[in-house]
Amino acid sequence: MGAGKSTIGRLLSHELKLRFVDSDKVIEERAGADIPWIFDVEGEDGFRDREAHVIDLLSAEDNLVLATGGGAVLRQDNRSNLQGRGTVVYLQASVAQQLERTARDKNRPLLQTPDPETVLNQLMEQRHPLYLQVADVVIDTERRNPKAVVTDIMAELRAQQIVK
Ligand SMILES: Nc1ncnc2c1ncn2[C@@H]1O[C@H](COP(=O)(O)OP(=O)(O)O)[C@@H](O)[C@H]1O
Ligand SMILES: O=C(O)C1=C[C@@H](OP(=O)(O)O)[C@@H](O)[C@H](O)C1
Ligand SMILES: [Mg+2]
């Protein structure tokens, strides 16, 4: 959360001239409700079920840049769908940077606690190894503006001959 997936994903899609899709937005459209409502009414498990279904659908499509939510790596099905069907970019950010970038946003239920820093540290410990497991490309976003991050991603995609 706050690494910049939604922001960078959209910018990268322009650079690659591909469609951009954010799985969180698709989940909200299909549910006719926002993410806080889904967490409230269906719990995190309900949200994860919806997320897995949407990632299964979207990862099967070609020619798009997909931004997932940060918890997508928690399920094995998502990990194998993402890893098997596309190029996965892991955007890294420190917890301090995540806190700065998410502070004013009420749209992330997991961070609506008195101590989001502790939550983010726990999530990082749990998820970082999973992100590394699925990533083809790892990009440090620390104190890099979105445009610079996209430039770094493009350079790495070219170095790996994933794009020209
Ligand atoms: N590299 C960056 N530098 C500065 N601000 C950023 C950067 N990436 C994202 N942001 C800002 O941080 C916030 C969270 O970004 P977002 O794209 O929603 O992250 P994610 O989808 O990974 O949770 C947004 O306000 C966005 O404008
Ligand atoms: O990390 C998570 O578990 C979540 C991240 C959110 O997306 P972003 O990573 O785009 O903030 C969103 O999917 C939901 O609030 C859960
Ligand atoms: Mg996002």
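The shell around ligand 2 in this predicted model is made up of four nonpolar, four polar and three charged residues. Its members are Met 1, Lys 5, Ser 6, Asp 24, Ile 35, Gly 69, Gly 70, Gly 71, Arg 108, Pro 109 and Leu 110.

We can turn next to ligand 1, which is surrounded by 14 residues, the closest being Gly 4, Lys 5, Ser 6, Thr 7 and Arg 101. Two elements, helix 1 and helix 7 (146-159), each give two or more residues to this shell. Helix 1 gives the most, with three residues. By residue class, the shell around ligand 1 splits into five nonpolar, six polar and three charged.

An unreviewed UniProt entry lists Gly 2, Ala 3, Gly 4, Lys 5, Ser 6, Thr 7, Arg 108 and Arg 144 under "binding site". These positions span 143 residues of sequence and are also spread in space, with up to 22.8 Å between C-alpha atoms.

Two of the annotated residues may be looked at more closely. Gly 2 is found in the segment before helix 1 (5-16). Gly 2 counts as buried because 23 other C-beta atoms lie within 10 Å, where 20 or more are required. Leaving aside residues up to four places away in sequence, Gly 2 touches Ala 93, Gln 97, Gln 98, Arg 101 and Thr 102. Thr 7, for its part, lies in helix 1. With 17 other C-beta atoms within 10 Å, Thr 7 is partly exposed, since that class falls between the limits of 12 or fewer for exposed and 20 or more for buried.

Key. Residues are numbered from 1 along each chain as its sequence is written. Chains are lettered from A and ligands numbered from 1 in the order in which they are written. This is a predicted model: local features need pLDDT of at least 70, side-chain atom pairs count only at pLDDT 80 or more; totals for chains, interfaces and linings use all residues. A residue is near a molecule or strand if its C-beta atom, placed from the backbone, lies within 6 Å of it. Ala, Val, Leu, Ile, Met, Phe, Trp, Tyr, Cys and Pro count as nonpolar, Asp, Glu, Lys and Arg as charged, and the others, Gly among them, as polar. UniProt positions are given in the numbering used here, feature names are shortened, and annotations may be inferred rather than shown by experiment. Helices (H or I, at least four residues) and strands (E, at least two) are DSSP runs, numbered from the N terminus. Two residues are in contact if their C-beta atoms, placed from the backbone, lie within 7 Å.
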